[in-house]
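Work through the exercises below with the model open beside the text, trying each task before reading its solution.

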Amino acid sequence: MAKVFCTDMAMAVTTDAVQSLGGHGYLKDHPVERMMRDAKVMQIYIGTNQVQRMLIAEALARRVRNGAR
């Protein structure tokens, strides 16, 4: 859950940073462009966030069915 939250937040923050910088944010020489690429890679690394969300939902549903809290 932490991986999904942190990578989504990193992507949202870097996307906002790139947009606020305008054209400069997309330049290869700008550090924000690298940060955005790194954030995107982390969303994909060790399973995509969509797959991770499905696994989390299944685990939570299993806990609810079993009556665990």
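**Exercise 1.** Decide whether R53 is buried, partly exposed or exposed.

Solution. R53 has 37% relative accessibility, and because buried means under 20% relative accessible area and exposed over 50%, with partly exposed in between (1.4 Å probe, protein chains only), R53 counts as partly exposed. The model is a predicted one, in which local features need pLDDT of at least 70 and side-chain atom pairs count only at pLDDT 80 or more, while totals for chains, interfaces and linings use all residues. Residues are numbered from 1 along each chain as its sequence is written, and side-chain values use heavy atoms, leaving out hydrogens and water.

**Exercise 2.** Find which side chain meets that of R53 in a salt bridge (a side-chain nitrogen of Lys or Arg within 4 Å of a carboxyl oxygen of Asp or Glu).

Solution. The partner is D8, at 2.1 Å from N to O. The pair links distant parts of the chain, 45 residues apart, with D8 in helix α1 and R53 in helix α3; helices here are DSSP runs (H or I, at least four residues), numbered from the N terminus. D8 itself is partly exposed, at 24% relative accessibility.

Methods:
Helix = DSSP H or I, 4+ residues; strand = E, 2+ residues; numbered from the N terminus.
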